Amino acid sequence: MDLLEPTRQAFALLFSGDRELWGIIWLSLWVSVAALALLAPLCVPLGFVVARIHFPGRRALVVAMQGFLSFPTVVVGLVLYLVLSRRGPLGAFELLFTPSAILIGYMVIALPILMVFTVAAVQGADSRIYETARCLGARPLRAMGTTLWEVRFAVTAGFVNAFGRVVSEVGCALLVGGNIAGLTRNIPTAIALETSKGEFAYGIALGFVLMVIAVGVNVALAWLQGEGGLE
Amino acid sequence: MSPLFKAEGIVKRFGERVLFDAASLELETGNGYVLIGPNGSGKTTLLRVLAGLDSAQEGKLVYRAREAAAAGPYPEPWRREIVYAHQQPYLFRTSLADNVEYGLARRGMVRERRAALAAEALAWAGLAARHGVPPHRLSGGEKHRAALARAKVLNPVLLLLDEPTANLDGEARAQVLELVRALITESHTVLIATHDPEIIRLAILTRLRVSAQRIEVAE
Amino acid sequence: MIKRIVFALATLLCAATAQAQTVRMATTTSTANTGLLDYLLPKFRSRTGITVQYVAVGTGAALKIGEQGDADVVLVHDRESEEKFVAAGFGVKRRDVMYNDFVIVGAPADPAQIRGMKDAAEALKRIRAAGSAFVSRGDRSGTHLRELQLWRAAGVEPKWGGYYLSIGQGMGTALIMAYEKRGYTLTDRGTYLAYLKKTDLQIMVEGDSRLNNPYSVIAINPSRHPRINHAGATRFIDWLTSDEGQRAIAGYKVGGAQLFFPSAK
């Protein structure tokens, strides 16, 4: 099978600004970013609290979160499907087969990742950071912010990791999104579809974009860390 | 005149080990104090309790005639006036100026004024030339001086210094000593925990010794 | 690519077992989803000893697989595409096998009010006007191609708002989605009956002659792909169009209803 021709077509598609193609890319990007943006105000402070405050059941919680780190995304999709379908408890909201359903799925998948990375970052933080901030007159909330800023690279690594995981996952998005053209078709589901149809140019184009995104985000993080990350 | 700061009946335990048993001290306004005692006697711990970083099991703290339980929450307003510096000071990974301005920013001071005061403090500490250097690249002595500038710029009523010359010798130590002396004579109330003989020797400091789980004024 | 590997392995396995032959078939989701193949193929095997292995994709994809020589025979339902396929020399021996019909199904509430209409194209027009959800296979399957023909006949463009849901997946999935979205879809009667218990969709439009759905079987041209099992494919076609095969097709019932009607001449 000659792959040179589809590859050439793939790049032609990308640079021609094919609306459908870029619509798919846009959906992948905005849903992934939105999921993380919505989780951040919850997970980051919560991670800080879990890292620093001893409460009953804390250890169990941390262990559970670690356990869910590699939870199979297709099972997330399955459960979410059952919950959101008309026969399910949340069927009345008619969320199945909408971008919102994918967004919810991504949030479920990303939550343990953000929590684990933030907890680790804060636990690894020098205990003097919070104390110094407080001794200089910062309120507890502000001191928390200062601490998180000091460990921002470790926290950001969590976001990058979570982003990479959701932007490239296919099981959940396919199940709860339905791969509807122009609505819930994102990069991974489109690749699955187009390849099975023998439309290799499309699959290659999207695969290339996904690669660039996934690798690029990680490279950007490493670059930003610069000296800050490598002491 | 009543003392600026009092600690009464402080009991501090770490598990089985009793560090302080009904220890008390008094600090008068404008005076300088040095807290001495062997390693592991609890100097750092005591300072942390006075600074509200750790709590004791029992006891009372009195600042400007206001009382707080040493076992309970530290009153927030005290943190605006009582400043503590760690034995190994931590400088935020932002910039030198940001570090010194930090406390001022928490008080809501505007940027121009903050910057001006910070520049003054850095000059006082002899660090004006190190302006653009990332804080983690400063030498040990420079970090100590930066921490002192950071504390001084806040005009603290009570300054608690934990081993300000720890791990320093020679030129660096002398420079820090200069600043400590300046802080003492500028009529801040200062309590310094140290085993540096040059600080202990300073005549203007009242010596407080940690001994037998109590604190006594020493000669 | 994966199908190729699977087929290759399967063929090897069958070659290893004494005397058993294999025929590879590419067909549509409607013949698979209805359970027809699982009913017919064992009968063929007990008659001839030949095992038919199939992949069920849309008509368009099935023809593509045949074009690439990754199947020995195709069983599809779009006359226009079939004729192009044979004319291009990819297939030989096209024979009519059976037919069923398409129906437009929808949510019982019938928001577009098309229940009982006799003109399928007009019904689609009304669905569009009402802005009701309509699920399209979107995969160049026989069903999809028929749907596009109806839109053309109605003179309207089938793309609007968020209500035209083009999914690129099989008939079963389309029905479930139409159910979830309380909308409509075009389906073959057989798959609809097979999925009766899974959805609450009801037949809204039937009987329009444009909803007739004939199936054909085509053998892949051996001169294009010399290594295919043309003999096996021929035997399969002969059996399907024989009295015995045609009776078997008529005998297949779901819930007491006959799904496919023999049409071999």
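# Notebook: chains A, B and C of a predicted model

**Entry 1. Chains in contact.** I count two residues as in contact if their C-beta atoms, placed from the backbone, lie within 7 Å. The model is predicted, and for this reason local features need pLDDT of at least 70 and side-chain atom pairs count only at pLDDT 80 or more, while totals for chains, interfaces and linings use all residues. Residues are numbered from 1 along each chain as its sequence is written, and chains are lettered from A and ligands numbered from 1 in the order in which they are written.

I then asked which chains share the most contacts. Two pairs of chains are in contact, and chains A and B hold the most contacts of these.

**Entry 2. The side of chain B that touches chain A.** I noted 14 residues from chain A and 15 residues from chain B in this contact. On the chain B side, strand E6 (82–85) and helix H2 (96–106) each supply at least two residues. I take helices (H or I, at least four residues) and strands (E, at least two) as DSSP runs, numbered from the N terminus. H2(B) gives the largest share of this side, three residues. By class, I recorded eight nonpolar, two polar and five charged residues on the side of chain B that touches chain A. In this classification Ala, Val, Leu, Ile, Met, Phe, Trp, Tyr, Cys and Pro are nonpolar, Asp, Glu, Lys and Arg are charged, and the others, Gly among them, are polar.

**Entry 3. Chain B as a whole.** I found six helices and ten strands in chain B. The C-alpha atoms of chain B fill a box of roughly 50 × 40 × 35 Å along the principal axes. For 219 residues a compact globule would have a radius of gyration near 17 Å, and chain B agrees with its 17 Å. This radius is taken over C-alpha atoms, and the globule rule is 2.2 Å times the number of residues to the power 0.38. Of the 219 residues of chain B, 45% count as buried. A residue is buried if 20 or more other C-beta atoms lie within 10 Å of its own, exposed if 12 or fewer, and partly exposed in between, with C-beta atoms placed from the backbone. Among contacts in chain B with a separation of 6 or more, 66% are between residues 24 or more positions apart.

**Entry 4. The six-stranded sheet of chain B.** I traced an open sheet of six strands with mixed pairing, in the order E6-E7-E8-E3-E9-E10 (chain B). Two strands pair if DSSP finds at least two bridges between them. Why is one side of E6 and of strand E10 (214–218) of chain B left without a neighbour in the sheet? Both strands stand at the edges and each has a single partner strand, so one side of each stays without a neighbour. From one strand to the next, the twist averages 20°. Its axes are lines fitted to C-alpha atoms, for helices over the stretch in contact, and angles run from 0 to 180 degrees between N-to-C directions.

Arg209(B) stands opposite Glu216(B) in E10(B).

**Entry 5. A hairpin and a loop in chain B.** Strand E4 (residues 58–63) and strand E5 (residues 66–69) of chain B pair in the antiparallel sense over four bridges. Lys60(B) has Ala69(B) in E5(B) as its bridge partner. E4(B) and E5(B) form a hairpin with two residues between them, and Arg64(B) in the turn has a positive phi of about 50°.

I next looked up Ala203(B), which lies in the loop between helix H6 (197–200) and strand E9 (205–211) of chain B. Is Ala203(B) buried or exposed? Ala203(B) counts as exposed because it has 5 C-beta neighbours inside 10 Å.

**Entry 6. Chain C.** I found eleven helices and twelve strands in chain C. The radius of gyration of chain C is 19 Å, close to the 18 Å that the globule rule gives for 265 residues, so chain C is as compact as a globular protein of that length. Of the 265 residues of chain C, 48% count as buried.

Chain C is divided into domain 1 (2–99 + 214–262) and domain 2 (101–211), with bounds from an automatic or database domain assignment. The centres of the two domains of chain C, taken over C-alpha atoms, are 27 Å apart. I noted 19 residues from domain 1 and 18 residues from domain 2 of chain C in their contact.
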